[in-house]
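Me: Hey, I'm new to this one. Can you walk me through it?

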Amino acid sequence: MVQKLFRAIDAIELTDSGSTLDRFSRIASRGIVDNEQVLIKFRELRSEIAHEYLVSDLSEFYNDLFTWSECMVEVVVQVFRYCEQKYPGRVGIPEPLKTR
């Protein structure tokens with residue numbers, strides 16, 4: 001879902017999509033995330049889930065998921081804040097995310 005949000009921002013701002021790493025770098029340069037490494041970690045976790053890679057330590061894997069899921073929600077909130085600031089009146093933060 002976050003990838004779709006990032007692609008949508010690029011499309012609205014008429015930015016060439018480029019590679020995933022290029023997109024992550026642009027998101028960081030827009031101030032949505034502090035560092036594209038966070039997005040790379042999300043991508044790695046998503047790949048582990050989607051492709052059912054052999055996970056050697058399930059407890060560490062689930063701990064990572066729990067830890068990073070909170071960070072993912074914060075990135076989504078930051079995307080909404082960015083859009084709300086850049087395009088006032090066109091995008092609103094959904095009610096469940098307003099308290100963050």
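Me: Let's start near the end of the chain. Is Arg81 buried or exposed, or partly exposed?

Reply: Arg81 is partly exposed, with a relative accessible area of 31%. Keep in mind that this is a predicted model.

Me: Which residue does Arg81 meet in a salt bridge?

Reply: That would be Glu74, with 3.8 Å from N to O. Glu74 counts as partly exposed too, because its relative accessibility is 31%, and the cut-off for buried is under 20%.

Me: How many salt bridges are there?

Reply: The count comes to six. Asp10, Glu13, Arg23, Arg26 and Arg30 are linked in a network of them.

Me: Ok, tell me about Asp10. Where is it, and is it buried or exposed?

Reply: Asp10 is found in helix 1. It's buried, with a relative accessible area of 2%.

Me: What is Asp10 in contact with, leaving aside neighbours within four places in sequence?

Reply: Thr15, Ser17, Arg23, Arg26 and Arg30. With Arg23, Asp10 forms a salt bridge whose closest N and O atoms are 3.8 Å apart. Asp10 lies in helix 1 and Arg23 in helix 2, so the pair ties together parts that are 13 residues apart in sequence. Arg23 is buried as well.

Me: And which residue does Glu13 form a salt bridge with?

Reply: Arg30, and there the closest N and O atoms are 2.9 Å apart. Glu13 sits in the loop between helix 1 and helix 2, and Arg30 in the loop between helix 2 and helix 3, 17 residues apart. Arg30 is buried, at 17% relative accessible area.

Me: Changing topic: what's in the largest nonpolar core?

Reply: It has 16 residues, and Phe6, Ile32, Val33, Leu39, Val75 and Val79 touch the most other members. Helices 1, 2, 3 and 4 each give two or more residues to this core, and helix 4 gives the most, with six.

Me: What does Val33 touch, neighbours within four places aside?

Reply: Val33 is in contact with Ile27, Ala28, Leu39 and Val75. Ile27 and Ala28 are among the buried residues of helix 2, and what covers those buried residues includes helix 1 and helix 3.

Terms used:
Residues numbered from 1 in each chain as written. Predicted model: local features only at pLDDT ≥ 70, side-chain atom pairs only at ≥ 80, totals over all residues. Heavy atoms only, no water. Core = buried A, V, L, I, M, F, W, Y, C linked by side-chain atoms within 4.5 Å. Buried < 20%, exposed > 50% of the residue type's maximum accessible area, 1.4 Å probe, protein only. Helix = DSSP H or I, 4+ residues; strand = E, 2+ residues; numbered from the N terminus. Contact = heavy atoms within 4.5 Å. Salt bridge = Lys/Arg side-chain N within 4 Å of Asp/Glu carboxyl O.
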